[in-house]
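Colleague: Could you walk me through how to read a few features of a model, taking the general idea and then the case at hand?

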Amino acid sequence: MKRIYFCLLLMMASVGAFAQKQTTVPMLYKSFKPSVITLNTGRKVRQSHTNVYLKNSVLLYLKGEYTMEAEMKNILAVDFEDRHFININNQLAYMVDSVGGNVLYCVELFDREAFERNLQNNVNISNMEIGEMINIGTLDINNEKDWKLPVFKHFYFFWKGEYVKVHERDILRKLNKEQRVMFKRMVALPDFSWQSEKSLMQLLKAITQ
């Protein structure tokens, strides 16, 4: 029950998009893990208990009995044992793949609105509203499956030396006339998806050539 209380208290802001997978905690890892944090100054700091908060893809760390949110403007990169993150717009992003010096990056976030709909359908809550502070005594969760958090992905291209959000309007502004023709042909294909890493890598390869 303590873990449920902790997870719910962390949810402060609303986000929305297409769900890609689900997790039962609002963090990337089920438990806090060691990492190496590279600061903007180039200094590297080792922390023994860190995690990635999927509400806004920021770094969390334990300070005594408190969970703290890192000041993202001071962070250049974070290395866990299994994944390397860089800071893009104060969010932790990992590399999906690259071509010709251009890179596809991904930021994972959970969909709080979808979570709240699922919570309302699957738990009994009395004398409270979802957005208010959760009183552990009013929450009756049947099982973990009832409160899974839908996680979705945002993508960025590192293209021609700058980060570009993977959105049709943002990309089109960066393309020349020939590239726009190729771009429109690709996104019109029946199997193209803005949520597919394969589709986005094909698009990145097309505009890299």
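This is a predicted model: local features need pLDDT of at least 70, side-chain atom pairs count only at pLDDT 80 or more; totals for chains, interfaces and linings use all residues.

Modeller: Residues are numbered from 1 along each chain as its sequence is written, and side-chain values use heavy atoms, with hydrogens and water left out.

Colleague: What does the secondary structure of the chain come to?

Modeller: Helices (H or I, at least four residues) and strands (E, at least two) are DSSP runs, numbered from the N terminus. Here there are five helices and 13 strands.

Colleague: How many of the residues count as buried, as a percentage?

Modeller: Buried means under 20% relative accessible area, exposed over 50%, and partly exposed in between (1.4 Å probe, protein chains only). In this chain of 209 residues, 44% are buried.

Colleague: And how should I read the contacts along the chain?

Modeller: Contact means heavy atoms within 4.5 Å. Among contacts with a separation of 6 or more, 57% join residues 24 or more positions apart.

Colleague: How many cavities of 30 Å³ or more does the structure hold?

Modeller: On a 1 Å grid over the protein atoms alone, a cavity is a set of points where a 1.4 Å probe fits but cannot get out, and lining residues have an atom within 4 Å of a point. Grid points are joined across faces, edges and corners, and the volume is the space filled by probe spheres set on the points. The structure holds one cavity of 30 Å³ or more, and the largest cavity has about 50 Å³ of space. Two elements give two or more residues to its lining, β8 (91–99) and β9 (102–110), with β9 giving the most, three residues.

Colleague: Which kinds of residue make up that lining?

Modeller: Ala, Val, Leu, Ile, Met, Phe, Trp, Tyr, Cys and Pro count as nonpolar, Asp, Glu, Lys and Arg as charged, and the others, Gly among them, as polar. The lining divides into eight nonpolar, one polar and two charged residues.

Colleague: Is Ser57 buried or exposed?

Modeller: Ser57 has a relative accessible area of 2%, so it is buried. Its place is the loop between β3 (44–53) and β4 (58–63). Beyond four places in sequence, Ser57 touches residues including Val52, Leu92, Val107 and Glu108.

Colleague: Where is Asn87, and which residues does Asn87 contact?

Modeller: Asn87 is in strand β7 (residues 84–88) and is buried because its relative accessibility is 18%. Leaving aside neighbours within four places in sequence, Asn87 is in contact with Met72, Ile75 and Leu76. A polar atom of its side chain lies 3.3 Å from the backbone nitrogen of Gln91.

Colleague: With which side chain does Asn89 make a polar contact?

Modeller: A polar contact is a pair of N or O atoms within 3.5 Å; within protein, one must be able to donate a hydrogen and the other to accept it, and residues adjacent in sequence count only if both atoms are side-chain atoms. The side chain of Asn89 makes one with the side chain of Tyr156, at 3.4 Å. Asn89 is in the loop between β7 and β8, and counts as exposed because its relative accessibility is 58%.

Methods
On a 1 Å grid over the protein atoms alone, a cavity is a set of points where a 1.4 Å probe fits but cannot get out, and a pocket is an open set with protein on both sides within 12 Å along at least five of seven lines; lining residues have an atom within 4 Å of a point.
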